[in-house]
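Here is a short report for a reader meeting this structure for the first time. Please keep the model in view while reading.

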Amino acid sequence: MASRSLAIPAPDVAPRHATRSAKSGHDRHGDDRTWRWVTFGPALALMLALSVLPLANLLVTSFYDVTWAQGQAVWSPVGLAHYLALPGDELFRAGLRNTLIFAIGAVGGQMVIGFALALLCSRVAHGRVVYRTIFILPILIPGIVVGAIWKLMLNYDFGLINQAIGLIGLDPRDWLGANETALASVIVVDIWHWTPFCFLLFLAGIESLPQDVYEAARVDGAKAWQELVYITLPMMWPAILVTFAFRLVLAFKVFDEVYLLTSGGPGTATEVVSFTLYQRFFTEDRVGYGAAMSVAVIFIVSLLLVLALTTRRRSEASA
Amino acid sequence: MDNNRTFLSRRDMLAGAGAGIALSTLAPGSARAASVSPFTIVINQSPWFDSFRKTVELYEKETGNKVELDVNPFAGSLEKQRNSVRAAKGQYDLLIMNSGWFAEMYFGGFVEAISDIDPGFKLDPDVYSLGETIYFDPVKKTMTKNGKLMSMPISPLIPLLYYRGDLYKEAGLKAPETFAELEANARRFNNPPRMYGIVQRGARGPHTVAYDFYPYLYGFGGSIFKDQSAGDYSVMLNDEKGRAALDYYLRLAREAGHPKTASLDQAEVIQNMVTGKAAHTMIVIAAWSQMDDPAKSAVVDKVEFAPTPHVQGVPTAPGLGHWLGGIARNVPDDRKRAAVEFLRWFQTKDAQVAAAKFGAIPINAAAYRDPISQERQFRWMKPLAESLPHAVNIYQFPEASEVIAILELGLNRAVAGEITSVDALNTMADQIETVMAKYNYNTGKLPPLR
């Protein structure tokens, strides 16, 4: 197609006219470019000021040690020392490992439960608003309240959960204090807190699916599970990927639940990168090292996002 | 209008103004305090905050001066203080600094010596110097009486032994003085899950299990560093005394303590005590009022207090978890002087007796000699007065938070049973020595324990 259009002979027009036309086109092009910069420039400057500059500042700080004397900051260059120290940081290593486990476990649980709830809710004929309201309640609760609720629920001596399992003859468990259950408990709390997010996105997606496809499938004798596997899931795939990417990034940033429930313990069982970062940067006031850790975490989260988006593009292309 | 009035010459006016200034300088504290500027105190929302607020209100009532309180969570208060003191002009005048970060403020040059703001300021000799932490020598970087007066104690928090006096009376026991007595008594009352012999604060936190461990470590004669005041930061944590202390701490937890010590923070420890599930605990004295609060406690009037136990030949050695008030360097002079006036009033016996009645822990030894200390509700005053002179300042350098983080992780892993006491002590000692070397302190370490 392209080569054929290129083969069309050029119109026989006077060179003077063509030159004049090209010149005025050039002027117009220049005017357009100026106008573009005038209109786009402020937005670009704002973006630079709000996102790129702070990141650049973080990057620069990561190559320094910052201490204080006589009320003044003393900046000492350390090169790549902070980055080289990261792999040897026991808390950072444990934080990365646990964050990956947390992200996979929590996001996986939220996706499955959120999707199931959305499917159920989409098929409810009466009282749908009531169900929706109930399902989204946890996401409306502030993180600090979620921490308080679950700290009480999981308390060894007085917790509701231990009292409940005591009724069926089971011994109480130290949900937040035992290595084998602490991270799982935090994951369960996160699933409880954030499943409504997935539920809402999935419900919006399911309700916007074309009904004629389902009607045609039913005419062809499709069963409910076939509708789910061959119609709903393939058509929902882009929404599922977007939700997954959103939640994965948010799960990687988990902080409040760990801070409120376990402070990373017992040992390093629930240490996550955001909590390590908080300790190094804020509690220990190691600004340079904390900045290096921040840059590393931003890099890892960006990588995850790129991976998720690439997967989405590929799946869309193959569809 | 009086036409016969005498007009003052310029010289007379200057002389009068000078005399006025001189008189105001020589006048007693309360008279001067009446004319100072309003100023701002940045403080944390601790259990003792309400008593401090009431004490400040009393100051305002007595002097007519205005004080603004900026109240924050523990960590939030530190961040606000850092942001304020690192700015060109500070927002907060009087900084209420915790034992975990006052050294950062001294070493960083962020607080100004009270004696520099007002060379005439006299520290009441009965005010506790709390391990000399109110003094700092900016040249030698040490906290000794030879340094300048940098701050005033605000809340002299240290741990005491809380024990069930009613059970002791029934059993005919006396308050334990040594660790051996504490262990025997804890075993005697240990009857889980109805009652735990002792409940310890073994969770990992900002300053949780490490703070709980200090009275054991120092009560066994051990220490983290060899001699901080002399500038010797050699790590002694993993010596035989350290091992004895940690083994004892773990043995108490496993054989006479709460089964889930590794996950207990202060709130859970207090919960166990006020619900009658703990026979002993060692927590900061600030929790005393909760023991006798009928709305919170099932053991009203049943809890007694004693200095933290120790081994024979070593004094009680509670770790300081106190709060100090320091004046920011980067605030206007009139506000600095206003803060000094408040501290001048706050340190007096009268103010401290009033503060105690509001629920505070007095900073002035004279308040502990007042008849108030004989009242039943203030039965903690006598053991606290005995303990305060022995309080240990655990850290005298600004990078303490890195050492605390190491202790929190290592001790919590030992309590949780992840690693042995020997592994925990050796690992922590190694890591602490690395931190101290990184900041160029004179440090070293012992051969590893076997």
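A residue counts as buried under 20% relative accessible area, as exposed over 50%, and as partly exposed in between. B:Glu418 has a relative accessibility of 30%, so B:Glu418 counts as partly exposed. B:Glu418 also takes part in a salt bridge with B:Arg413, where the closest N and O atoms are 3.0 Å apart. This is a predicted model.

**Chain B as a whole**

Chain B contains 18 helices and 13 strands. Its radius of gyration is 24 Å, close to the 22 Å that the globule rule gives for 450 residues, so chain B is as compact as a globular protein of that length. The C-alpha trace of chain B spans about 95 × 50 × 35 Å along its principal axes. Of the 450 residues in chain B, 60% count as buried. Among contacts in chain B with a separation of 6 or more, 73% come from residues 24 or more positions apart.

The accessible surface of chain B is about 18,200 Å². Carbon and sulfur atoms hold 52% of that surface.

**Salt bridges**

Over all chains, the structure holds 43 salt bridges.

| Pair | N to O distance |
|---|---|
| B:Arg201 and B:Asp265 | 3.1 Å |
| B:Arg379 and B:Glu304 | 3.8 Å |
| B:Arg413 and B:Glu418 | 3.0 Å |

Which parts of the chain does the salt bridge between B:Arg201 and B:Asp265 link? B:Arg201 lies in the loop between helix H8 (179-189) and helix H9 (209-219) of chain B. B:Asp265 lies in the loop between helix H10 (240-256) and helix H11 (266-274) of chain B, and the two residues are 64 residues apart. B:Arg201 is buried at 12% relative accessible area, while B:Asp265 is partly exposed at 27%.

The salt bridge between B:Arg379 and B:Glu304 also links distant parts of the chain, 75 residues apart. B:Arg379 sits in the loop between helix H15 (365-369) and helix H16 (381-387) of chain B, and B:Glu304 in strand E12 (residues 303-306). Both B:Arg379 and B:Glu304 are buried.

One network of salt bridges with shared partners joins A:Asp89, A:Arg280, A:Glu284, A:Arg286, B:Glu402 and B:Lys438.

**Helix H12 of chain A**

Helix H12 (residues 273-283) of chain A is mostly covered, with eight of its eleven residues buried. Among them are A:Phe275, A:Tyr278 and A:Arg280. The cover includes helix H4 (90-122) and helix H13 (287-318) of chain A, as well as helix H4 (74-85) of chain B. Just after H12(A), A:Asp285 takes a positive phi of about 60°.

**Backbone exceptions**

Most residues other than glycine have a negative phi, and most peptide bonds are trans. The peptide bond from A:Gly265 to A:Pro266 is cis, with omega near 0°. A:Pro266 is in the loop between H11 and H12 of chain A. The peptide bond from B:Pro192 to B:Pro193 is cis too, with omega near 0°. B:Pro193 is in the loop between H8 and H9 of chain B.

B:Glu132 has a positive phi, near 60°. B:Glu132 lies in the loop between helix H6 (114-117) and strand E5 (135-136) of chain B, and is partly exposed at 25% relative accessible area. B:Asn440 has a positive phi near 65°. B:Asn440 is in the segment after helix H18 (421-438) of chain B, and counts as exposed at 69% relative accessibility.

Notes:
Residues numbered from 1 in each chain as written. Chains lettered and ligands numbered in written order. Predicted model: local features only at pLDDT ≥ 70, side-chain atom pairs only at ≥ 80, totals over all residues. Heavy atoms only, no water. Helix = DSSP H or I, 4+ residues; strand = E, 2+ residues; numbered from the N terminus. Rg over C-alpha atoms; globule rule 2.2 N^0.38 Å. Buried < 20%, exposed > 50% of the residue type's maximum accessible area, 1.4 Å probe, protein only. Contact = heavy atoms within 4.5 Å. Areas by Shrake-Rupley, 256 points an atom, 1.4 Å probe, with all protein chains shown as cover. Salt bridge = Lys/Arg side-chain N within 4 Å of Asp/Glu carboxyl O.
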